[in-house]
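Q: I would like to learn how to read the features of a structure, one at a time. Please give the general idea and then the case at hand.

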Amino acid sequence: MTDERAPVPALAFDPDLAWGVHPQVALRDESFGALAYHYGTRRLLFLKSRPLVELVSSLDQYESATAAIVAVVPPEQRPAYRRALARLAASEVIGVR
Amino acid sequence: MSVDAPIENLPLRQRFTRGLDAPICLTWELTYACNLACVHCLSSSGRRDPLELTPAETLHVVDELADMRVFYVNIGGGEPMLRPDFFDLLSYAVDHKVGVKFSTNGTRLTAERARRLAGMDYVDVQISIDGALASTNDAVRGEGSFAAARTAMDNLAAADFGQFKISVVVTRENVTQLDQFSTIAESYGAQLRLTRLRPSGRGVDAWDALHPTADQQRMLYHWLLERPDVLTGDSFFHLSALGEPLDGLNLCGAGRLVCLIDPVGDVYACPFVIDDEFLAGSVRQEGGFARVWRQSDLFRSLREPQSAGACASCGSYDACQGGCMAAKFFTGLPLDGPDPECVFGHGEDALAARGSGPAPVAAVGHSKVDRRGVPLPVPTPVRFRTPARA
């Protein structure tokens, strides 16, 4: 087995870095958003809205998470989406590219 | 239900009760063959069914699960390692990104097989014991089964498998050993998994004598609250009526989030209801598993809003959702009423009021039988110390 049960490093989410869906994570679309399963940590998470799924899926097209947020999310909602990405980074659903 | 992956972002519960496009995970009993005869076996296993899915059919099921993006399957039985094609299926599944968690009694988990498992990604192993002492365990699972399970754990540890799981069905007899189970798990760097005793399969006969008392259930609830790292497969959500909810979705996922595929390919609503009443279809039918999951009348009806029935006036209905459908069904209680182990005692009242109706009978299922078709006794005489009502 690999070291998948190693504790999740409590990395601070740096929105100025380039992010993408973690290579060990699979997303599955559902009516409410998506399910995310991490094959390494065996964690199951829920992305609770379609816009969040779209943001997460488009991260790899931008040079930074901030650029993705600016491109995809209306201004008044950006802080909430930044927090959502920070949570997903802590769970390793997304990772630095 | 049986979702062991830690779940975050809870308030989606209502959407989940309407079902998902594909199960989050499902249980797949690979064979009814078993070399043990546990008194509480959910699937009344023992004899291999001659109509068991062929190796080719099992691979086709994996293809379907991969297409539906089912992230992982919980493989059980019977004893799944008795299937000659067990490792072929495992490799095929993980190669197709369908992770495997399998439950085994450990009797066939040799040192060589442990090394083989250690070389595979996306495979989790759960070894079942039902007592922290051989005497407690073997009374339920049969003579020598504790020693065999410990040998399997030793083999996994020696093969540097990593963190396996030790799976325990909580009973009246072993609920006093929770800390000892933790100690065993820690000694291996393993994860402890506790699940609820269901009156399913041969468990119909064992349940009265073995299910934890009301006091024991309260103790278990507090023990679990303090140990969020102990896995439960969302097994004890009926206890959430005691206050703070336990970790997990706290709902019945039958036919909504999870289901069961049995060894002959029949699809049931959950692992605890192998009964015609909860049979949704077969993977062998046209359209396969996907069609059963998406279109069966049974699963569609389970995804409709359910009546709280006799529980409607209870302030804790939101917390426990009336408990476990299987536990109600196999104790002869109405499905829209309290769980037989309702923490407020409504289940005991309902069981008493059930009166002289036909007592639930254990289906012979695939239990080993003599030449006249009479089930053989479990190998070890089971003696229970505690009175039925504490």
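A: Start with secondary structure, where helices (H or I, at least four residues) and strands (E, at least two) are DSSP runs, numbered from the N terminus. Chain A has three helices and five strands, in the order β-β-β-β-α-α-α-β from the N terminus on. This is a predicted model, in which local features need pLDDT of at least 70 and side-chain atom pairs count only at pLDDT 80 or more, while totals for chains, interfaces and linings use all residues. Residues are numbered from 1 along each chain as its sequence is written, chains are lettered from A and ligands numbered from 1 in the order in which they are written, and side-chain values use heavy atoms, with hydrogens and water left out.

Q: What share of the residues of chain A counts as buried?
A: Buried means under 20% relative accessible area, exposed over 50%, and partly exposed in between (1.4 Å probe, protein chains only). Of the 97 residues of chain A, 49% are buried. For contacts, meaning heavy atoms within 4.5 Å, take those in chain A with a separation of 6 or more: 57% of them join residues 24 or more positions apart.

Q: How should I read a nonpolar core, and which residues touch the most other members of the largest one?
A: In soluble globular proteins, nonpolar side chains tend to be buried together. A nonpolar core is a set of buried Ala, Val, Leu, Ile, Met, Phe, Trp, Tyr and Cys residues joined through side-chain atoms within 4.5 Å. The largest core has 107 residues, and Leu117(B), Ile166(B) and Leu194(B) touch the most other members. Helix H3 (residues 86–95) of chain B gives the most to this core, six residues. A second, separate core has 24 residues, including Leu52(A), Ala68(A), Ala89(A) and Val93(A).

Q: What does Leu194(B) touch?
A: Leaving out residues up to four places away in sequence, the contacts of Leu194(B) include Val168(B), Val170(B), Leu178(B), Trp223(B), Leu231(B) and Phe236(B). Two polar residues, Thr232(B) and Ser235(B), are also among them.

Q: How do I read the sides of a helix, and which residues of H3(B) are buried?
A: An α-helix has 3.6 residues a turn, so residues three or four places apart point the same way. In H3(B) the buried residues are Phe86(B), Phe87(B), Leu89(B), Leu90(B), Ala93(B) and Val94(B). They cover an arc of only 155° around the axis (taken from the directions from the helix axis to the C-beta atoms), which puts them on the same side of H3(B). Asp88(B) and Asp95(B) are exposed on the other side. The buried residues pack against E1, helix H2 (55–67), E2, E3, helix H4 (111–118) and E4 of chain B.

Q: Which residues of H4(B) are buried?
A: They are Ala114(B), Leu117(B) and Ala118(B). These fall within an arc of 100° seen down the axis of H4(B), so they line one face of the helix. Their cover includes H3, E3, E4 and helix H6 (145–158) of chain B.

Q: Which backbone angles stand out?
A: Most residues other than glycine have a negative phi, and most peptide bonds are trans. Arg69(B) has a positive phi, near 60°, and lies in the loop between H2 and E2 of chain B. Lys97(B), with a positive phi of about 65°, lies in the loop between H3 and E3 of chain B. The peptide bond from Gly77(B) to Gly78(B) is cis, with omega near 15°.
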